Amino acid sequence: MNCPKCGAELIQKYYKGMFEADVCPNCFGMWLDFEELDKLEDAAFGEDDQKGSLMHFQTRTQFACPRCGAALDEFQYRLYDLRLDACAENHHGFWLDAGEDERVLEIMRLRAEEMRRKFAVESEWKQALKAMHLFLTRK
Ligand SMILES: [Zn+2]
Ligand SMILES: [Zn+2]
């Protein structure tokens, strides 16, 4: 496989002990299969249902998928200020430019914190509603 950005041949590298990624030795970008981005997110964040919708504002690029050669789509990652490229055509995976993997982890950690806070508030609210409901329906 070749780098969609600079054309250098990608080399397989074990990423942070989690999975095999295809890394560009020239521009240090990284190709991840779809499941691999999932693993990267899981490193920062737990359950799938809390990760939310992945792609926003999709636009076609001139870069080619290293797997099938189809044009990659650029999209905004989970509404954060981070743009990734993906093979939307055949669902092969994602391209991360150098350093973007760290940004993904950082975003997911921030989001995990936000979620924990949100869930704490929500469960308190649920308890309050339950108490109110019990009070109001008591005969
Ligand atoms: Zn490259
Ligand atoms: Zn592809």
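**Reading a fold step by step**

Modeller: Among contacts in the chain between residues at least 6 apart in sequence, 39% join residues at least 24 apart. Two residues are in contact if their C-beta atoms, placed from the backbone, lie within 7 Å. This is a predicted model, so local features need pLDDT of at least 70 and side-chain atom pairs pLDDT 80 or more, while totals for chains, interfaces and linings use all residues. Residues are numbered from 1 along each chain as its sequence is written, and chains are lettered from A and ligands numbered from 1 in the order written.

Biologist: How many helices and strands does the chain have?

Modeller: Helices (H or I, at least four residues) and strands (E, at least two) are DSSP runs, numbered from the N terminus. Here there are two helices and seven strands, in the order β-β-β-α-β-β-β-β-α.

Biologist: In what sense do E1 and E2 pair?

Modeller: Strands pair if DSSP finds at least two bridges between them. E1 and E2 are antiparallel, over five bridges, and Lys13 stands opposite Ala21 in E2. Their hairpin has three residues between the strands, and Lys16 takes a positive phi near 40 degrees.

Biologist: Which residues does Phe94 touch?

Modeller: Leaving out residues up to four places away in sequence, Phe94 touches Leu32, Leu37, Leu84, Asp85 and Ala86.
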